[in-house]
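Student: Can we go through this one together? Please keep it brisk.

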Amino acid sequence: MSPRVAATPAKAGTTRPKATARKKPTRRKPDPVRQWASYLARYRPGLQRYVLDALTQTYGEQIWEPRLDPTSELILTILTQNTADVNAEKAYEALRLAYPSEREAEVHRPGIGWGGEGLSTAPPPDWSRVEFAPLPELIDVIRPGGLGPQKAPRLQATLRRIREERGDYSLLFLGDLPALEARDWLTSIDGVGKKTASIVLAFCFGTPLMAVDRHVERVSKRIGLLPAKATADQAHELFLGILEPDDMYAAHVLLIHHGRVICHAQRPLHDLCPVRDRCRFVNPKAT
Ligand code: SF4
């Protein structure tokens, strides 16, 4: 038996050196975007391509072209919040009539992702007159589009913020910024979320961002492109991890259109659906 070594007592007045605390290995938090992309690649390989190809075959190829000037697009998109696109059109046309400008006529190229009839070809409103209009007057002007009392102050605050920061109302500078920087600039405006910002950037500059509205979210969750519990905010990031940058514009337009014409919230038309074979809503084991 080996003799026990007695611990040497510390000398009076000295302190025993502390044992070095062992550092716990720090665990890096898993990145949910990468995790979801790996899950899809492993268990549902090729799903994104399959969905985009099937929807393209059904609804046609979606070629990007600029839709409106970015300031007009931003104001129009704010007018669409919580209301149908046709109502936003009414409010926008009312702005043009009440606050006409001398600028060149703008041509609205709405495409199949837009739920309204398209704006007439006319100059955009005079943004300065909109910003400085008496609030009750502006509320009355946009009332035909609904939610006038909420949206009129939002429009004025948005225009004020752009003018104060940029010196005029142009948002063309956003096209020169990296995608996420441009999105951050827009979402720093009160009342502008990731969806509105992504619409403006994707439609005006072709920036590779995915705008997730209620149609895109519903269809994608049903198919299984997004996890069922993802919030709309998370969905914007998840799409950036699972789609090729060049596919984002088409994916947005095709999914939104599919949600409007076939994959309705109530009574979706599964029998007419081109992605039925891989949709988890009709077959929870679909790969
Ligand atoms: S199969 Fe049905 S639920 Fe799935 S995407 Fe098509 S319409 Fe929607």
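Tutor: Helices here are DSSP runs (H or I, at least four residues), numbered from the N terminus. This is a predicted model: local features need pLDDT of at least 70, side-chain atom pairs count only at pLDDT 80 or more, and totals for chains, interfaces and linings use all residues. Residues are numbered from 1 along each chain as its sequence is written.

Student: What span should α9 have, and how far apart are its end C-alpha atoms?

Tutor: Helix α9 covers residues 194-205, twelve residues, so at 1.5 Å a residue it should span 16 Å. The expected span is 1.5 Å times one less than the number of residues. The end C-alpha atoms are 16 Å apart, which agrees.

Student: How many of its residues are buried?

Tutor: Twelve of twelve, so α9 is mostly covered. Buried means 20 or more other C-beta atoms within 10 Å of a residue's own, with C-beta atoms placed from the backbone. Among them are Lys194, Lys195 and Phe205.

Student: What covers them?

Tutor: The cover includes α3 (70-80), α8 (179-187), α11 (232-242) and α12 (248-261).

Student: New topic. Which domains does the assignment give?

Tutor: Domain 1 (46-63 + 210-278) and domain 2 (70-205). The bounds come from an automatic or database domain assignment.

Student: How many residues are in contact between them?

Tutor: 14 residues of domain 1 contact nine of domain 2. Contact means C-beta atoms, placed from the backbone, within 7 Å.

Student: Which element gives the most on the domain 1 side?

Tutor: α12, with seven residues.

How values were computed
Helices (H or I, at least four residues) and strands (E, at least two) are DSSP runs, numbered from the N terminus. Two residues are in contact if their C-beta atoms, placed from the backbone, lie within 7 Å.
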